[in-house]
Amino acid sequence: LTKNRMRIHSLQPGFSIEELLDGEAGVSDQKLLNDLLTVVKVWAKKDSQNLPDFFDSEVEIVSARRQVCSSIVLNIQREERALFPTLVPFKTRKFDRKQWETSDCFELAPRDLPCLFPDVAIKKIYPVVGNEELVLCQTCGGSAQLVCSICDGSGKQTHDTCNGGGTLRCSRCFGAGRHLTGGVNLVTCTACNGSGSVACDPCGSSGSVVCANCDEGAIDCSDCQGVGKMLKRWNIRSEISTVKLHKLYCRSNWLNPNAAMGCDGITLQEYRYALPVPTFEIESLKNKLPPQLFPLARDLLEHSLRPRTDFQIDSGLKLEVQAFNVYRLELQQNGQPAVLLVGGLSNEIVPVQLPPRSKGLVSQVLRGMDSALNLVGLGTRSRAEREFLKLVEAGEIYITDTDLLGPALRNLGVQVEVSSVGYQITLEGKTLPISLGFVQESKEQILLRTTITLGQGDRENFPRALAINQYLETGFIGLVESEDRSRETFVLIDNRYYKNLEPERFLAVLQQLYREANAIIKEKRLL
Amino acid sequence: VNTMEYLHSLLKMNFRGKIDVGKNELLARIELQGGRKQTVHVLIRGSKYCDANIIELKSRCCVVRNATFVRAALKRNMVNQIGGFALNQKTSPPVIDLIQRILIPHHMQLNPEEITQAVTFLAWQADLIERNSNEKDQF
């Protein structure tokens, strides 16, 4: 959806393994429905040429259902190797002619193969010992020398000063043969005896000099460096890449198993294996993976892992169990129904049913008129909405921030970055990051939750933390658990209603909150 | 208009009950539905960090019976609609107060609707917690 394809927490919250088998459910959360509508509008705006006229501005959500989809994502680290020779000048006078005992590229240049699963292929070249041989230099044919290209093998070059003529213009009479004397008498030049030219001494009047580039018309061959022989050595070219495959499970069959959003979920489980492992058996995954995903994993593994050859090895395997929400949206535009699926961390949209697209000149004229009216604020879409959708598309605003608070804070000199829950804020000249989240409190109300992390939430400091709340000016200390519930963190939190929030007053709150947090940390009040 | 007199008149206009007013603070014993009452302490103080006044509304909720109360209050602060819980250790046994603070920069004026809504919500919320922890109408 956005430039950075960032997760939108409200649409894609965390999942537990137990939730993966849940059936579909209706969506009634108004904030969620608004966020989904924004996703659809941004998509429709981008793809407006293929949609009915005014779809992006007139579309409404009639109903929405949600289904948790799970997928098995297989990452195979595959290394491919190839032998290739290189020729180097034979200067060492020694070479290793010992024949290889194997043609296996992985034995010829053994290397550790850590499981890296690189996103971009890692390319390397390894030298191989042995099998070296001497060959005649192809460039000079073994003669070790080449004809000089400057003098064409003659060993001589045209003398630049006299330009090959062997004479120079007389410097006394400037080539005239006569010159004035005493200011009035014209006399024959004594320097050149009236000829106007003198002999060129540096070349002895021959007009040519010895070629400075070569030795008697020949130069050392640049390839073999004057040796005439080349040493043929062997190298191995290695390329380690990750092959990514997936299969998706959607209980309601909204999506087929190969749908692209299958590898765009939140990773819930991950298993890594260094291959080839003699004990690795696909069946061993049966007790580890969710039951609906094991057959998919087995199918993928049986058809994807390749047997080892002299030139190729599958050196690592990473299995991920991913999950994501898919929303089935029943929409309408002017009474015409449409159905879209929205899902994955990137909020990919899959059209299931679209209203028929109107054709012809009338439609084009209408669209053109609407665009023109929009520009002056009289079209089907308000200026604020157009601005909002434009900013969402550019990744500069959070999807719920319809009142444009983020941009307003930016205009007040605050550094505002879009995050998965709202914004990450950095005040001018300050270091502690402030997190801003949008929370649906009731059907009508959205809360703006501002938090600053204070430090680890140790149990013995709970009373002290709660007592500090008596003396703060803004915000309260709260306790937040990590997603895996392994640790707790103290945060300074401020909740307030989002609607009609004045940006300037809110900035004052942010600054105040920052000062409070900074004082708590600096004065070690929670230690 | 950011004075205690103004706040006093505002509360008197919008709530039933006894209100004691001092220079910078007032104590309102507000009558709620069902005959219950809840005391809200209102205090105005200047900010030590910026040019602003802070209106602090405080209402007592419950007595701390064990450590679970403290942890629960800290966790609840994360999801409170507005305001937060604070431990008052000056009393014996300690109690938990529900507090709401409104920051009013000097160049801005208090929104009367905001203050009355905050007092209503605070009194109602504090009484709800009191009811859930103890049937008596102690605070």
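1. In this predicted model, 38 residues of chain B are in contact (heavy atoms within 4.5 Å) with 39 residues of chain A. About 3,200 Å² is buried between the two chains, 54% of it from carbon and sulfur atoms; buried area is the accessible area (1.4 Å probe) that two parts lose on being put together, summed over both. Tyr49(B), Leu74(B) and Met78(B) supply 24% of what chain B buries against chain A, more than any other three residues.

2. There are 4 salt bridges between chain B and chain A, a salt bridge being a side-chain nitrogen of Lys or Arg within 4 Å of a carboxyl oxygen of Asp or Glu. One of them joins Arg505(A) and Glu114(B) at 3.2 Å, N to O. On the chain B side, the largest share of residues touching chain A, 8, comes from strand 6.

3. Chain B has an open, antiparallel sheet of 6 strands in the order 1-2-3-4-6-5. Strands are DSSP runs (E, at least two residues), numbered from the N terminus, and two of them pair if DSSP finds at least two bridges between them. Strand 1 (17-21) and strand 5 (84-88) of chain B each have a single partner strand, so one side of each lacks a neighbour in the sheet.

4. Strand 2 (residues 25-31) and strand 3 (residues 37-46) of chain B pair in the antiparallel sense over 7 bridges. Within strand 3 of chain B, His41(B) stands opposite Leu27(B).

5. Residues are numbered from 1 along each chain as its sequence is written, and chains are lettered from A in the order in which they are written. Local features need pLDDT of at least 70, side-chain atom pairs count only at pLDDT 80 or more, and totals for chains, interfaces and linings use all residues, while side-chain values use heavy atoms, without hydrogens and water.

Terms used. Helices (H or I, at least four residues) and strands (E, at least two) are DSSP runs, numbered from the N terminus.
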